[in-house]
Amino acid sequence: MRNKIAFLSLCGVPWVPPVSLLRPGKASTLPSLQFRTTEPPKPCHPERSVAESKDLRLPFALMRPSRAGWIGRTALAFSLVTALTVSAQTADQAWLRNPDRLFLFGKVVALGTSPIEQSAAQELSRSVSHPASVKGGISSTFEEREKSLTVVGTAGEIRKAYPAVPVPGDLKPDEYWLWWNGSQASSLTIVAGGDERGALYGVFAIRRLPATAEMGKFKADYPYRDHPALPIRWVDEWDNPDGSIERGYAGRSIFFEGGKVREDLAPVAAYARLLASVGINGCNVNNVNAAPLLLAPESLQGLARVANTMRPWGVRLTLSVDIASPQKIGGLSTFDPLDPAVKAWWTAKVDEIYTLIPDFAGFTVKADSEGQPGPASYGRTPADAANLLAAALEPHGGVVLYRAFVYNHHADWRDPRADRARAAYDIFHPLDGKFASNVIVQTKEGPIDFQAQEPVSPLFAGLTHTSQAMEIEVTQEYTGQQRHLVYLAPMWKWVLDFDLRAGGQSTPVKQIIAGTSFHQPLGGMVAVAGVGRDAWLGSPLALANLYAFGRLAWDPNLSPEEIAAEWTRQTVGTDPQVVRTVVNMLMQSWPAYVNYTGPLGMQTLTDITGSHYGPNIESSENNGWGQWHRAARDGVGMDRTVATGTGYAGQYPQQVARLYETAATTPDNLLLFFHHVPYSYRLHSGQTVIQYIYDSHYQGAAQAAALVDEWASLQGRIDPRLFADVKARLQYQAGHAIVWRDAIVQYFLKLSGIPDEQGRAGHYPGRLEAEDARLTGYTVIDVMPWEDASAGKAVTCDRTNCSAEWTYTGAPGRFNIAVQYFDLQGGTAKFTLAINGQPAATWAADATLPSTRPNGDNSTRYTVRAVELKPGDLLRVEGAPGGTDPAALDYIEVTPAVASSIQQ
Ligand code: GCV
C-alpha cells in the first residue's frame, strides 16, 4: 500500500468557521462529535501533490491494529535472562505501535515543506495506514467524509492560509494548538505549532490523546494547547566509538561501531521518532567519559549524518567533550581554559561543527570527575571551563551542560568528616552567578549517584543565579539493570515535587529546573537513556521509564500512574484489566526494589566497585569512592548532621536542613543517609532499625514474587510472546530478590547479633546446603562476598561432571524444588535435577549476568514444581561445567507446592 501525503500551498480563503463547538460524546472514549455542517475551505491553488493516500482520508476513525504489534514483529526470542538474543529495534516495541484509536479527520496536509513538517504529516499517515487498522477504521461513510481535512503547520503558516482560524498569536517554540470545526462529513482540523517542532508535537499529541487520560482534558479545554515546562529535554547516551555502551544493558550502540559512526542509521531515525513522540528535543550520542577523537574532522562528518537523521524529528545532536581535547587532539601543550590558544582552538572547532551541523545543540562536560581531566589541573574552576566552551557556542546558539558530578574518588574513608555527598554543593555553590548565560549546570537528582533511594541534591537550591538541569538515569545502573522491573517515575516525581524551601519560599525542584523559581533563562531535564540494538532497552517493560522521562520533562505535573496508564494502553493493551494490572505492577516495582536492595536511605547495597548489580555490602566501605553507609557492630548509617557529622544536612535551605538534622524529624526512608543509629533505634513506624531491615527484605522479595502472579493473570489477554518474555524475566527477578534478601538479612544478622523477631533470618525451612551434600567431584568453596551464598559457601566442579546428593527426610507430599546455582560468564554449564536417579529437569546456565566468579551477581534460581516426594527419596543435582562456568551450586530448597509463585 502506498502512503501518500499532500502538501498544499494554501492562500487565505475567507472561510469563516461556524461557532459550533466540539461536543464530547457520552459513549466511548471517542467523542461522538456533533457539528454544524459546513464546507471546509479549499486551497487557492492545486495541491503540489507529493503523494496522496486513501489511508489518510480517514474519518474520526476507530482503528484496531492486529495484536502482533508489540514484539510480535521482532522475533524477540528470549528465554529468561538466558542468552539475551539480539533483536532489531522497532518503534512499536516501545510505544509507537499503530494506535487502537486515532482522533483524525480526513486528508492530511502539511503547509510547509520542512523535514519536520513532513515527518509530522507522515506520522499521521503511518498511524492510519496499517492494513489491520484500516480494516477496522474505514467505514461505509468514508466517501462522505473525504472532504475533511487535517492541516499541519506553524502558527504563521496557518494564519496565512486560514486567516479566519483563531490561531493564538503567542504560541511559543515547541508549543502546539489543536482546533477543529465542521461536521463529521466535512471538517477542518488544525495542528498548529509555535514552530515546526511544536506542530510535530501536536501530531504526536493527536496520536496519543485517545490512549491517554488527557482525553478528558482535551474535551474540556478545546481548543487544546500545550507547551513543555522545560526547554531542555535531552537524552544522554553513554556510547563509546567502539560500539560499547557504558552502563548500557541492551546490546551494542545504534550510533557507533569500530570507532566510527555506523553506516546503518535506520535505528537512529526510529529512535529520534520515539524521542520526538514524547517531546525530547536533544540527543547526546557519546559517553561523558568522552573520546576526544570524536572531534576529529572525519568523525564530525559521521556525526553530521547522525544529526541529519535525527533532524526530521526535531531532535538536535549534542556531544560530550573532553575538556583536554586541545591538548589531546589539537596539538597544544595545554588545555588551560584561560589560555588564549585554547580559546582559539575551541572557537575554531565549534565553527567547524556548525558548518557541518547548523542546528548543533551544544556540549555536555564531565570534568575533574572519576579520572576525567578538568580545569582543576590549572587551578581553574568549572565556571572557567564552562564559560570557555560557552563563548565558542554562543554565536551559534549552542549551550553547555556542565555536570556537577564532580567529586574526589580518593576520599579518606577514615575521616568522619569526609563526605562525597557534599562535593557538588561545595564546588558549585561558590560559583553561582559566574556562569555564562548559555551554561546550564547539570546535577544528578541525588547527591551520590543514581541510587535506589537518595535525598534530593541540595545544589538545586544552591544555584539561584545559574540555569540548571536535573540528570536522571533511565538505564537501570543501580536499579536492576533492566533484568528487574523497576518503574522509576515515582522516584523522579518525588524529586520533581520536592520543595527545597529556598529562601523560605516554595521552590519545588520542578520549578527550579524550569528556570521559574529563580528567573533563569534556561533549564531542563536530561536522562541517561542507554538504548542499544536489543529492543532499545533490552526489556519490554523498561521502556515505560524512557516514556515517563519524556512525559515528565514535558509536564512534571503528570502523575506516574497516569503516565504508566498512557504507556500501557499504547503498548501492552487497552483492556481495562490489562491497564489496571500493568499500572499496579509498575507502581509497586520501585518500592519493592528499594525494600530488597537497601532501605532507609542506605543506598543500593550493591557491588560499588564492580558490577553495580548484585549484593555486596562491604564494597562501599573502606575505599575512596565515598558511597559509604558505615554499617558496623554498634549501628548503621552515616552521620551527615551539622552538629556531629559531615555537615551535609546544612547544605539544604534552613527548613529542610532542620528536618534532616535530627533523627527524630528525618523521614524513615532517609534515616540512615543522615544518621548513624543503633540497630535498636525505633523508627517512626515503631519498628527497630534491625527489624525493619529484616521485614523490608522479606516484604520486598514477596512483592517481587507477587509481580509474577499479577503478570500471570494477563495470560490470554495480551500478546503471547510479550507475555512469555516478561513472565520469564519476572520469575528471574523473584529469584534474584531472594538472593538480595538473604544476603542483606544474613549480613546484618551476623553484624548486629540481634535475632529476627519473626525467626526468619538465618532459618530457611527446607533448605539443603550444597556443602552438606554427598559430593562427587564438587569441592566446597568460600563465596566472596560471603553473604552472597547461603551460609557463605558453595561447591564448584573442576571435572566434566559433578554431583551433589541429599536424602529427603521430610513428610511425604508435593513440593517445589528450587535449585540455587551460579550462572557465570564465560561458558554455559548444564544442570540436571534427578529424583531417585530419574531426571526431573535439565537446564542450561546460559544467562548473560555479570562476573566470572560465583557471587550475588549471578546467583540464580531454577524451580522445579509439583514434585512428589517421600522420606528416603534421593535428590541429586548434576552439574556439567561449560567453558569457564564451573556449574557452581549453592543449595536446594524443598517447599510445599502452592499455586503462588512466591516460592520462586
Ligand atoms: C559515565 C557513575 C557510573 C559511571 C558514569 C558516572 C557519571 O559513576 O557508574 O559509569 O560514567 O556515574 O555519571 O559520569
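Helix H18 (residues 560-571) is largely enclosed by the rest of the predicted structure, because 9 of its 12 residues are buried, that is, under 20% relative accessible area with a 1.4 Å probe and protein chains only. The buried positions of H18 are Pro560, Ile563, Ala564, Ala565, Glu566, Trp567, Thr568, Gln570 and Thr571. From its first C-alpha to its last, H18 reaches 16 Å, close to the 16 Å expected at 1.5 Å a residue, the expected span being 1.5 Å times one less than the number of residues. Helices (H or I, at least four residues) and strands (E, at least two) are DSSP runs numbered from the N terminus.

In this predicted model, local features need pLDDT of at least 70 and side-chain atom pairs count only at pLDDT 80 or more, whereas totals for chains, interfaces and linings use all residues. Residues are numbered from 1 along each chain as its sequence is written, and side-chain values use heavy atoms, with hydrogens and water left out.

A barrel is closed by 8 strands with parallel pairing, in the order E8-E11-E12-E13-E14-E15-E16-E17; pairing requires at least two DSSP bridges between two strands. Neighbouring strands of this sheet are turned by 25° against each other on average, direction ignored. Strands E15 (residues 439-444) and E16 (residues 467-473) run parallel and are joined by 5 bridges. Val441 has Gln468 in E16 as its bridge partner.

Helices H22 (residues 689-712) and H23 (residues 720-752) pack with their axes 9 Å apart, at an angle of about 170°. H22 is therefore roughly antiparallel to H23, a term applied to angles over 145 degrees.

Technical notes
Axes fitted to C-alpha atoms, helices over the stretch in contact; angles between N-to-C directions. Parallel < 35°, antiparallel > 145°, perpendicular 65-115°, else oblique. Buried < 20%, exposed > 50% of the residue type's maximum accessible area, 1.4 Å probe, protein only.
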